[in-house]
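Reader: I have a model open and want to work through it by question. Where shall we start?

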Amino acid sequence: MSESFTRVELLRRGAATGLFLTIPTSLLAACGGDGIEGEGGTTAASTQVSRELKDQLTISNWPLYIDIDEDTKERPTLQQFTEETGVRVRYIEDVNDNDEWFGKNRAALAGGNAIDRDITVLTDWMAGRMVRLNYVQELDKSAIPNASNLVESLRSPSFDPSRDFSMPWQSGLTGIGYDVERAGEITSIGQLLDDPKLKGKVTFLSEMPDTMGLVMQLDGADPSTVDEAAFQKAIDRLQAGVDSGQIRQFTGNDYSGLLANGDVWACAAWSGDMVQLQLDNPNLRFVIPDEGGMIWTDNMLIPTGGDVFTASTFMNFVYDPAVAAQIAAYVNYICPVIGAKEEAAKIDAELAENPLIFPDDETLSKVKIFDAEAADNEDLKSKFQAVVGA
Amino acid sequence: MTSYAATPARVRSLPRAWAFVRRHLLTVYAALALLYLMLPIGVVVLFSFNDPVGRFNYTWEGFTLDHWLNPFGVPGIQESITTSLEIAALASLTATTLGTLIALALVRYAFRGRGATNIFIFLPMTTPEVVLGASLLTLFLNLGVSTGFWTIFIAHVMFNISFVVVTVRARIVGFDRHLEEAAMDLGANEWTTFWRVTLPLIAPGIVAGALIAFALSVDDFVITNFNAGATVTFPLYVWGAARIGVPPQVNVIGTAIFAVAVILMLANVLLQRRKEHA
Amino acid sequence: MAFVHRHKGLVPYLLLLPGLGFLALFFVVPAYYLAHTSLQTGSLDAGYAFTWAWENYTDAISTYHEQLTRSLVYAGIATAIALAVSYPLAYWIAFRGGRWKTLFLLIVIAPFFVTYLIRTLAWQNILSDNGPVVEVLRAIGVLDDGERLLATSTAVVAGITYNFLPFMALPLYASLEQIDERLIEAAEDLYASRLQAFLRVTLPLSLPGVVAGTLLTFIPAAGDFVNAELLGTPREAMIGNVIQSKFLVITDYGQAAALSFVLMAAILALVLAYTRALGADRLAEAR
């Protein structure tokens with residue numbers, strides 16, 4: 001669906017927003033800026049941040065997280081950005097796991113060095129760590145007038161209360177992905193942990209907040225304010241699942257392949273992934289467990305050494321509702337941009353009505369955000385890591 | 001086994017029959033072992049021609065040459081290959097130079113510390129990769145060096161030197177020093193002798209060492225993963241791609257690397273043979 | 001050149017200097033930093049400091065002795081299987097390979113030329129729950145319906161065996177190939193039984209190859225984590241998985257470094273015990 005849609009969308013969007021975007025970005029910035037870092041009065045010499053676009057923008061992101069034309073393997077959104085700004089985009093899908101990404105890049109970041117990335121996309125708690133450790137740069141808000149399109153609920157996360165360092169890329173839900181033909185109907189994480197029929201056919205996520213959030217809710221605990229005893233109880237349940245062989249593995253995105261070839265029948269999974277997988281295999285389902293699911297947000301950050309102005313300009317670009325709708329339509333995660341739903345409805349009414357992409361209040365009432373501090377607590381992390389096996 | 005039921009007259013030939021069966025058994029066993037070694041390679045090659053439905057290349061869906069005609073048709077794969085080849089070229093060149101010098105010293109000269117050097121050279125080869133990678137990372141972390149292209153290069157030279165030394169040394173050991181002496185008798189000085197006589201004679205060893213270093217470099221995942229920072233080599237690309245389903249293009253590249261390596265190895269062997277026969 | 005002529009004794013050292021210098025900088029010095037790190041404590045926020053934290057070692061051993069033992073056991077089994085598979089193979093190539101010897105040898109080292117990760121992923125596909133191997137094993141009753149191969153210890157050991165088998169086969173072949181066939185023929189005449197001849201002559205003569213092969217297989221196998229990661233479950237996690245995750249996932253550098261040394265010490269102890277058991281002096285003789 002995404003293929004034909006993106007083409008139509010490409011043409012349509014070009015007409016509607018082309019004008020807006022062909023206005024030199026610096027001019028836009030001057031209009032939209034609220035004066036904090038605006039150009040008025042200041043000269044290039046007195047500003048630390050360059051106001052010129054670089055030739056190339058390098059972005060690190062998770063796999064399958066931006067629209068792509070399946071035939072040409074080109075990425076329409078990025079092509080448009082290049083057409084409109086002249087900035088080439090080097091887009092690298094090298095974030096497979098928050099911790100792993102951090103561990104690999106820490107040597108450079110800790111030394112205060114650049115890591116050859118202008119934007120990197122990390123989940124809330126890791127974004128918080130990056131901000132806390134001062135490994136990121138402040139956004140050039142004057143270049144992001146579209147920031148006003150950010151949905152209300154995401155405007156002041158605890159780790160970055162006024163969004164000085166981060167802009168959400170996508171949000172997503174964590175729930176259960178399963179193959180209905182093989183596993184039958186599944187409604188609870190309890191089935192994944194205890195149903196003998198699923199023995200050895202279950203995976204959980206190696207991302208601690210996702211897995212622990214789901215298992216904690218099974219015991220009625222609230223993962224948004226983690227209590228050590230409840231956490232421990234959930235750890236014990238998981239450990240029992242590992243020891244008995246019920247749980248096969250802890251995975252990143254790789255559960256998708258296991259589900260697709262039948263090695264895994266039910267797993268903790270991410271909403272957008274499952275919507276994408278359903279296109280190839282209608283037996284695959286995504287459900288928010290009865291006891292509750294999780295919601296999280298991945299954020300764009302500008303790591304040390306990244307070009308602030310060019311990166312901010314890109315952020316502004318993807319906060320255009322039409323562009324945001326185009327990305328959401330492909331990745332099928334929750335779009336954080338006001339107006340994207342209306343844009344999406346113009347091309348595909350069904351898309352705009354999908355509660356996994358534009359969630360209604362009922363869906364949102366069933367999910368929780370994991371305790372930000374607990375998510376990056378070393379003791380809790382090592383406890384979880386011990387269950388995962390390393 | 002039927003030979004047990006043979007007539008007494010044939011009993012004398014029993015040992016020979018036994019030998020035949022045994023020789024057969026050994027051959028069958030060897031054939032099975034070779035098959036086992038080739039099996040996953042066959043799967044890799046086969047699935048490079050697969051035409052998968054959806055993004056998972058797990059089940060055979062039909063033959064296509066598409067991926068071979070368009071091996072870089074997946075975003076990111078070309079950049080990773082280029083990075084890998086650049087690092088491999090630089091690292092194997094450096095390691096081969098350093099390693100050949102060491103091999104020459106070890107074989108041609110008797111000096112204090114030769115035994116110790118021999119043992120020392122063996123150490124990197126007998127240290128688990130995870131420890132080699134980790135210890136280099138601690139060096140870079142403690143010195144505040146950013147990991148990336150050049151730290152991968154350093155790591156690859158480090159683990160390749162020993163392999164080059166071992167390969168080149170094996171070649172120099174079997175080499176006839178009388179040829180050099182003859183050259184010197186004919187009036188060539190040491191330098192000329194080295195360039196005109198020694199080097200051409202040990203060249204196949206050096207080439208073999210360089211090939212091994214290149215192959216190990218292109219292949220390395222564990223040590224690279226520790227010291228790569230934001231740089232993505234081909235194995236690191238595969239590691240990431242495995243999360244979302246490895247595209248058939250990876251099989252294409254894997255097969256191509258395999259084919260090139262085998263051809264170069266064969267060529268080296270054949271060249272050597274021709275020279276020896278000549 | 002004049003300098004070199006006057007100080008001929010210096011030549012080997014000059015030849016060694018660049019290479020050994022490089023190894024000193026990037027093999028020896030890192031070992032020092034690894035040791036230094038293994039006694040550090042700290043966290044991302046507080047920073048890491050050297051505190052003579054010997055508890056890193058005791059904690060590491062008490063928490064991860066299971067993974068450590070498992071690594072050594074898996075590596076041991078894989079080495080034994082690799083020996084069992086490669087010895088007859090190497091023997092056959094050395095004595096029966098004929099003019100195709102080089103080709104067969106090439107097949108033995110062929111796996112090395114397929115990217116490590118790609119060949120391990122191929123095994124993942126081959127051993128998959130609905131794959132051909134499992135189906136055949138189910139059909140002949142080796143596996144029960146619910147049983148599987150992938151994500152079991154069998155798969156992990158099989159993967160390790162496959163990936164390191166060339167390390168075993170090559171040295172075996174090298175030592176077998178050097179044996180003069182007339183020697184074996186003479187032994188067969190002398191001992192009357194081929195088995196006797198093999199045990200008394202061929203095997204001892206190939207012992208250096210056996211030792212080199214087992215070491216070159218066992219050591220990398222004990223530190224491997226890719227096979228356990230791709231073909232196993234948390235119950236098959238090896239010490240390599242712990243070390244890499246402590247370094248790269250939870251940035252607990254102190255314990256990760258300590259574990260690296262524990263692994264090295266365990267390997268060294270086993271290797272020494274092994275070579276002693278085989279008799280280093282006998283090895284020297286065999287040469």
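Reader: In which sense do S5(A) and S6(A) pair, parallel or antiparallel?

Author: Strand S5 of chain A covers residues 202-205. Four bridges join S5(A) to S6(A). The sense of the pairing is parallel.

Reader: How many residues of S6(A) are buried?

Author: Strand S6 of chain A runs over residues 247-251. The strand is mostly covered. Of its five residues, the buried ones number five.

Reader: Which element of chain A has the lowest mean pLDDT?

Author: Chain A averages a pLDDT of 87, and 87% of the residues score at least 70. Strand S3 (residues 119-123) of chain A has the highest mean among the elements, 98. The lowest mean, 36, belongs to helix H1 (residues 2-22) of chain A.

Reader: Over which residues of chain A does pLDDT stay under 50?

Author: Where pLDDT is low, the predicted coordinates should not be read in detail. The model has 47 contacts beyond four places in sequence for the stretch in question. That stretch of chain A is residues 1-47.

Reader: Which element gives the most to the side of domain 1 of chain A that touches domain 2 of chain A?

Author: The assignment gives domain 1 as 2-165 + 302-359 and domain 2 as 172-295 + 365-388. Their contact takes 16 residues from domain 1 of chain A and 15 residues from domain 2 of chain A. By class, the domain 1 side has eight nonpolar, five polar and three charged residues. Giving four residues, the top contributor to that side is helix H5 (residues 124-132) of chain A.

Reader: Is Asn332(A) buried or exposed?

Author: Asn332(A) is found in the loop between helix H13 (321-331) and helix H14 (340-347) of chain A. Its phi is positive, about 65°, although it is not a glycine. Asn332(A) has 27 C-beta neighbours inside 10 Å, so it counts as buried.

Reader: And how does Lys73(A) count?

Author: Lys73(A) also has a positive phi, near 60°. Its place is the loop between strand S1 (56-60) and helix H3 (76-85) of chain A. Because Lys73(A) has 15 C-beta neighbours inside 10 Å, it counts as partly exposed.

Reader: Which residues touch the most other members of the largest nonpolar core?

Author: This core has 281 residues. H3(C) supplies the largest share, 16 residues. The residues that touch the most other members are Ala328(A) and Ile102(B).

Reader: Leaving aside neighbours within four places in sequence, what is Ala328(A) in contact with?

Author: Sequence neighbours within four places are set aside here. The partners of Ala328(A) are then Tyr333(A), Cys335(A), Ala340(A), Ala344(A) and Ile357(A).

Reader: Which element gives the most to the side of chain C that touches chain B?

Author: In this interface, 63 residues of chain C are in contact with 61 residues of chain B. Elements giving two or more residues to the chain C side include helix H3 (55-96), helix H9 (194-223) and helix H12 (253-278) of chain C. By class, that side has 52 nonpolar, nine polar and two charged residues. With 18 residues, the element that gives the most is H2(C).

Reader: Why is H11(C) largely enclosed by the rest of the structure?

Author: The buried residues of H11(C) include Asn241(C), Gln244(C) and Lys246(C). Ile243(C) and Phe247(C) are also among them. H11(C) is largely enclosed because its buried residues number 10 of the 10.

Technical notes. Residues are numbered from 1 along each chain as its sequence is written. Chains are lettered from A and ligands numbered from 1 in the order in which they are written. This is a predicted model: local features need pLDDT of at least 70, side-chain atom pairs count only at pLDDT 80 or more; totals for chains, interfaces and linings use all residues. Two residues are in contact if their C-beta atoms, placed from the backbone, lie within 7 Å. Ala, Val, Leu, Ile, Met, Phe, Trp, Tyr, Cys and Pro count as nonpolar, Asp, Glu, Lys and Arg as charged, and the others, Gly among them, as polar. pLDDT is the predictor's confidence in each residue, from 0 to 100. A residue is buried if 20 or more other C-beta atoms lie within 10 Å of its own, exposed if 12 or fewer, and partly exposed in between; C-beta atoms are placed from the backbone. Domain bounds come from an automatic or database domain assignment. A nonpolar core is a set of buried Ala, Val, Leu, Ile, Met, Phe, Trp, Tyr and Cys residues joined through C-beta atoms within 7 Å. Two strands pair if DSSP finds at least two bridges between them.
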